[in-house]
Amino acid sequence: MGRLTVEQIVSVDGYGADADGGLGFIQTARGGNPNDADQLAFLDGIDAILLGATTYRMFAEYWPVADPEVEVVAEPINRLPKFVVSNTLESAPWGEGSIEILRGDAAEATAGLKEQYSGIVVWGSFMLADALFAAGLVDDLRLRVVPVLIGEGRSITPVGLGERRLELDHVATHPSGHLGLSYRVR
């Protein structure tokens, strides 16, 4: 059975999106580097990407055309098989190819992927991540903490999740004040 990692970019006060649902706080805390060695090492253990429809749209606009000389994570992001959970998307183009659309129940579709792939990452995709946390399918939680407080916003976990114990697995610090935190979900 594969391991499912949910990775979220969060403010220091734990929000994954601004109160209006935007991600402007990420740009506010300049100096983070998506190409850091920690992220590349993480991607070495990933063999599939799973996205919700909204995050897929954001990624599909940027990553297929990102310059791998500037964004070294573009190569693994574009190379790895990708899946999008959606009951509304008609198609999911990605550069010159496409992504497989998984329809129906998100938890059921994800459980099937965990039988096929050893390492799966979900980036952003709040509604999808909520469903996977609620179904107990999340094995690891990675937080990329940006050094900014926003005071209010969207939590990275679903309301009513209840207490879940985490075991710290890895910490990466960056001179910019950004942190990379990895936890095992018990």
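The following dialogue examines how several descriptions of this predicted model follow from their criteria.

Tutor: The model is predicted, with local features requiring pLDDT of at least 70 and side-chain atom pairs pLDDT 80 or more, while totals for chains, interfaces and linings use all residues. Residues are numbered from 1 along each chain as its sequence is written, and side-chain values use heavy atoms, without hydrogens and water.

Student: Why is Ser125 called buried?

Tutor: Buried means under 20% relative accessible area, exposed over 50%, and partly exposed in between (1.4 Å probe, protein chains only). Ser125 has 7% relative accessibility, so it counts as buried. Ser125 is in the loop between strand 8 (119-123) and helix 6 (126-134); helices (H or I, at least four residues) and strands (E, at least two) are DSSP runs numbered from the N terminus. Its phi is near 50 degrees, a positive value in a residue other than glycine.

Student: Which residues of helix 5 are buried, and why are they said to line one face?

Tutor: In helix 5 (residues 106-116), the buried residues are Ala106, Ala107, Ala109, Thr110, Leu113 and Lys114. Seen down the axis, they fall within an arc of 160 degrees, so they line one face of the helix; the arc is that of the directions from the helix axis to the C-beta atoms. On the other side, Glu108, Glu115 and Gln116 are exposed.

Student: What makes Asp105 a cap of helix 5?

Tutor: A side-chain oxygen of Asp105 lies 3.3 Å from the backbone nitrogen of Ala107, at the N-terminal end of helix 5. A polar contact is a pair of N or O atoms within 3.5 Å; within protein, one must be able to donate a hydrogen and the other to accept it, and residues adjacent in sequence count only if both atoms are side-chain atoms.

Student: Why is the pair of Phe59 and Trp123 called tilted?

Tutor: The whole structure holds three aromatic pairs. Rings of Phe, Tyr and Trp (its six-membered ring) pair if their centres lie within 6.5 Å; planes under 30 degrees apart count as stacked, over 60 as edge-to-face and the rest as tilted. For Phe59 and Trp123 the centres are 5.7 Å apart and the planes at 35 degrees, so the pair is tilted. Phe59 lies in helix 3 (residues 53-62) and Trp123 in strand 8, so the pair ties together parts that are 64 residues apart in sequence.

Student: How do you know that Arg142 sits over the ring of Phe42?

Tutor: The criterion is NZ of Lys or CZ of Arg within 6 Å of the ring centre and within 35 degrees of the ring normal. Arg142 lies over the face of Phe42, at 4.0 Å from the ring centre.
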